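Subject: Handing over a structure, with notes

Dear colleague,

I am passing the structure below on to you, and I would be grateful if you could read the notes that follow with the structure open beside them.

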Amino acid sequence: MQASPLVAVPFAAPSASVTRWTVGDVLALYDMPLMDLIWKAQGVHRQHFDANAIQRSTLLSVKTGGCSEDCSYCSQSARYDTETERERLMPIDEVVAAAKAAKAKGASRFCMGAAWKGPKDSDLDRVLEMVREVKALGMQTCVTLGMLKDGQADKLKEAGLDYYNHNLDTDKEFYGQVIKTHTHDDRLDTLEQVREAGINVCSGGIIGMGESRKNRAALIVQLANLPKPPESVPINNLVPIPGTPLADKPRLDPFEFVRTIAAARIAMPTSWVRLSAGRQEMSDELQTLCFLAGANSMFYGDRLLTTDNPDIDRDDRLFARLGVKAV
Ligand code: SAM
Ligand code: DTB
Ligand code: SF4
């Protein structure tokens, strides 16, 4: 059956609550007049969330640079000559100190990122310890460690991990133009392992890498049509990194970014949609449009992994000006 252009059709089996999206459905959302699209997204948002509450996670790069992979956007690939210096896996006490500081500033979740294709078992043991200690502070925990091997997701679950971040990053069709050292299917395989282990899935993508609108719509469809949509969907705007193949990509029209947030919100009504990388370059007004379009989560803290994020004072002022509360 052909889906109507603006509403996804409930999928008959296996459960009436499962919705299948088509690229046509999502492209029809992108084609709406912006005011109508934002209005629709905000309506969907209010059915499932408090529209004045935004979740805040703080990121820490616990192992930086020297990655074997060739992701064309990334400052941490060993293949590109970037300003990012390699650093070994951080000592646990430094990680715990950073998590305590993030909690004191009001972050509810602490996300630890490592520049690996995937963790070796010996490295994973140290990350498990980090997860246990951060969890013991009363924070939600998240890690992003690359691709997982059999059994690793179960160990993370046992240690108390709440979320695993692993982005599909871009449409399957465009993936090979950005990354050649692993495939979109490899990413799906890790997402399946995370889901099966009972860990919340955090998966989204990057836009502004030269992909088409159709590619952006297809990424949203691939995320929304997972057996269960991710609980958290980060939408990153490319931060161009000197030395990487995507260093000189022209900046995406900011309204196209807002449309992407709105389309993600409508296609994944109960997911937390995260306004992720690229906030530093956005005005307060543009970020507010993203919130109006249904973004309700963000990274909070002066650094992302290797690039700058708005400083905490600026974010606190923005929340106060908007009457938004942090959750
Ligand atoms: N190595 C792991 C992996 O690739 O899953 C974890 C770290 S990786 C840096 C996490 C995510 O950050 C990537 O999947 C990508 O979506 C995002 N990212 C990395 N560099 C970026 C950039 N320059 N601009 C925007 N997002 C970026
Ligand atoms: C996600 O989707 N974005 C975050 C987090 N997950 C790990 C990372 C953004 C990285 C931006 C570039 C950098 O700071 O290196
Ligand atoms: Fe960067 Fe992750 Fe790709 Fe490594 S796998 S190059 S850390 S995005």
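In these notes, buried means a relative accessible area under 20%, exposed means over 50%, and partly exposed covers what lies in between, with a 1.4 Å probe and with protein chains only. By that rule Q152, which is found in helix α5 (residues 152-159), is buried, with a relative accessible area of 1%. Helices (H or I, at least four residues) and strands (E, at least two) are DSSP runs that are numbered from the N terminus.

Please keep in mind that this is a predicted model, in which local features need pLDDT of at least 70 and side-chain atom pairs count only at pLDDT 80 or more, while totals for chains, interfaces and linings use all residues. Residues are numbered from 1 along each chain as its sequence is written, chains are lettered from A and ligands numbered from 1 in the order in which they are written, and side-chain values use heavy atoms, with hydrogens and water left out.

The contacts of Q152 come first. A polar contact is a pair of N or O atoms within 3.5 Å; within protein, one must be able to donate a hydrogen and the other to accept it, and residues adjacent in sequence count only if both atoms are side-chain atoms. The side chain of Q152 makes one with the backbone oxygen of P119, at 3.0 Å.

Next, the two ligands. A residue is counted as near a molecule if one of its heavy atoms lies within 4 Å of it, and on that basis 18 residues surround ligand 1, the closest being Y73, N167, D169, R187 and V239. A polar side-chain atom of D169 lies 2.6 Å from an oxygen atom of ligand 1, a backbone N or O atom of V239 is 2.9 Å from a nitrogen atom of the ligand, and a polar backbone atom of A114 is 3.4 Å from a nitrogen atom of ligand 1. Taken alone, ligand 1 exposes 550 Å², of which the protein buries 89%; such accessible areas come from the Shrake-Rupley method with a 1.4 Å probe, and for residues only the protein chains shown count as cover.

Most residues other than glycine have a negative phi.

Around ligand 2 there are 13 residues, of which N167, N236, L305, T306 and T307 come nearest. Oxygen atoms of ligand 2 are found 2.6 Å from an N or O atom in the side chain of T306, 2.8 Å from a polar side-chain atom of N236, and 3.0 Å from a polar backbone atom of L305. Ligand 2 exposes 400 Å² when taken alone, and the protein buries 88% of that. L305 lies in the loop between β11 (297-299) and α11 (312-322) and, at 30% relative accessibility, counts as partly exposed. L305 and Q76 are 229 residues apart in sequence, yet their C-alpha atoms are 9.4 Å apart in space.

Turning to the rings, two of them pair if their centres lie within 6.5 Å (rings of Phe, Tyr and Trp, the last by its six-membered ring), with planes under 30 degrees apart counted as stacked, over 60 as edge-to-face and the rest as tilted. A search of the whole structure finds one aromatic pair, formed by F49 and W272, which is edge-to-face at 4.8 Å centre to centre and 65° between the planes. The pair links distant parts of the chain, with F49 in the loop between α2 (34-48) and β3 (53-63) and W272 in strand β10 (residues 272-275), 223 residues apart. F49 is buried at 14% relative accessible area, whereas W272 is partly exposed at 25%.

Finally, the cysteines. A disulfide is a pair of cysteine sulfur atoms within 2.5 Å, and the structure holds zero disulfides. The sulfur of C111 has its closest cysteine sulfur in C142, 3.6 Å away, which is too far for a bond. C290 is in no disulfide either, the nearest cysteine sulfur, that of C202, being 17 Å away. Both residues are buried, C111 with a relative accessible area of 4% and C290 with one of 0%.
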